[in-house]
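The following note sets out comments on the model shown below. The points are numbered so that each can be read beside the coordinates.

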Amino acid sequence: MHLYKPSCAGIPPHKPALQKASEVLRGKKPSTAPRDHPTAGAGRVSGANERRQLEKFLHVHGLSLHESIQAQAGMMYRNLGKSGLRVSCLGLGTWVTFGGQISDEVAEQLMTIAYESGVNLFDTAEVYAAGKAEVILGNILKKKGWRRSSLVITTKLYWGGKAETERGLSRKHIIEGLRASLQRLQLEYVDVVFANRPDNNTPMEEIVRAMTHVINQGMAMYWGTSRWSAMEIMEAYSVARQFNMIPPVCEQAEYHLFQREKVEVQLPELYHKIGVGAMTWSPLACGIISGKYGNGVPESSRAALKCYQWLKEKIISEEGRKQQTKLKDLSPIAERLGCTLPQLAVAWCLRNEGVSSVLLGSSNPEQLIENLGAIQVLPKMTSHIVNEIDNILGNKPYSKKDYRS
């Protein structure tokens, strides 16, 4: 595992012209003459002209003023594994929320806030809300009219329907399932299609051949795995190399303060050996780390939903109470860094350079804006702070390399 070293490497170089444009957008007046000076009005006009000229210049080169200013706003981008695909280090997930916990209007607000903050990664799955999450995501994308080339849309296959042939990772379901997902999303292709879990009933060669086929047919750009073991991912890579097919580029894995082993020990080894990156989900452990469960389970929370009885039991268990105690011990660190506990938890995930992107799940705009603020906390995650957090958690996993040293 590599800790994040604060640097400016991932941030585009400073461009004075763009800063001027961003000042115009923020409502700052051009630094010309005072208001009572006869040339003040001319200064305002020249500022508007300057902005129009800049927009025209960027448009000619296939860029937009909005996106140029995004780059200065702080969003960072990383390669997805060792592929060339650049993804925002924070992405927006749709599990539980889209088509379930929130309205379509709120979903649109969340996507707009995310996109305008520099997020380019939006993740969904055929199983989320029985396909409704994909429909909502597709409708919003169509309505907003964002350039498809500026987005990274990912979906996951495994549970597609009730019929025996509508689930699993057979060639039939991978091809038919992805076609159905694309129809719901109203897209010609997704950027990454994930196998949502391993399938012991389907030979690995069939899975890899089917994924290679949908990529060759232009239905997806890359493929990845989700909740696969390191051994299964290595098998898929070996089969792909043996038969000259396309290997997976990424594993989606749960990663947060209380779930560390896979992302910190197993996946870094795979990254260095075969280039498989990590896209992580549930940075707040289904809301456990948000702090809202410190005094029980609120009625409006996810854990209060009937289908999340397992989460409620986890929170009120002895282990859950111990976790809440550790979170209280972490609060002073968050206060010292000038951030909230959720921001600290997300920044802690991002400090791991092996993580390509952290998927956020938000049920309201305020929560999303707060979590996006973790970008500003990342440079403060020094080795001293990380060690302090490790001492409180007491769950740092050790790799074989650590034991050898």
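Which side chain is joined to that of D123 by a polar contact of 2.6 Å? The points below take up this question after a brief account of the whole.

1. Overall composition. The model is a predicted one. The protein contains 17 helices and ten strands. Of its 405 residues, 50% count as buried. The accessible surface comes to about 19,900 Å², and 52% of that surface belongs to carbon and sulfur atoms. Among contacts between residues at least 6 apart in sequence, 76% join residues at least 24 apart.

2. The barrel. Eight strands close into a barrel, in the order β3-β4-β5-β6-β7-β8-β9-β10, and their pairing is parallel. From one strand to the next, the twist averages 30°. Helix α8 (residues 204–216) packs on the sheet, where it touches β6 (190–195) and β7 (220–226). The direction of α8 makes about 150° with that of β7. Helix α10 (residues 261–274) also packs on the sheet. The strands touched by α10 are β8 (250–254), β9 (277–281) and β10 (355–360), and its direction makes about 175° with that of β8.

3. Strand pairings in detail. In general, strands of a sheet pair through backbone hydrogen bonds, either parallel or antiparallel. Here, strand β3 (residues 90–93) runs parallel to strand β4 (residues 121–123), and two bridges join them. Within this pairing, L92 has F122 of β4 as its bridge partner. Strand β5 (residues 152–157) is joined to β6 by four bridges, and these strands too run parallel. T154 stands opposite V192 in β6. Strand β6 itself is mostly covered, with six of its six residues buried.

4. The surroundings of D123. The opening question concerns a residue of strand β4. The answer is K156, whose side chain is joined to that of D123 by a polar contact of 2.6 Å. A polar contact of 2.5 Å links the side chain of D123 to the side chain of T154. D123 counts as buried because its relative accessibility is 3%, and the cut-off for that class is under 20%. Setting aside residues up to four places away in sequence, D123 touches L92, G93, T94, Y128, T154, K156, F194, Q252 and L359.

5. The nonpolar cores. The largest nonpolar core has 101 residues, of which L90, F122 and I389 touch the most other members. Helix α13 supplies the largest share of this core, eight residues. Apart from this core lies another, of twelve residues, among them L121, V192, C250 and L359. With neighbours within four places in sequence left aside, F122 is in contact with L92, M111, A114, Y115, L137, L151, V152, I153 and T154.

6. Helix α13. Why is helix α13 (residues 341–350) described as largely enclosed by the rest of the structure? Ten of its ten residues are buried, so the description follows from that count. The buried residues of α13 include L341, P342, Q343 and W348.

7. Reading the strands together. In a regular strand the side chains alternate between the two faces of the sheet. L121 is among the members of the core of twelve residues, F122 belongs to the largest nonpolar core, and D123 makes its side-chain polar contacts with T154 and K156.

Definitions and conventions. Residues numbered from 1 in each chain as written. Predicted model: local features only at pLDDT ≥ 70, side-chain atom pairs only at ≥ 80, totals over all residues. Heavy atoms only, no water. Pairing = 2+ DSSP bridges. Axes fitted to C-alpha atoms, helices over the stretch in contact; angles between N-to-C directions. Contact = heavy atoms within 4.5 Å. Buried < 20%, exposed > 50% of the residue type's maximum accessible area, 1.4 Å probe, protein only. Polar contact = N/O pair within 3.5 Å; in protein donor to acceptor, adjacent residues only side chain to side chain. Areas by Shrake-Rupley, 256 points an atom, 1.4 Å probe, with all protein chains shown as cover. Core = buried A, V, L, I, M, F, W, Y, C linked by side-chain atoms within 4.5 Å.
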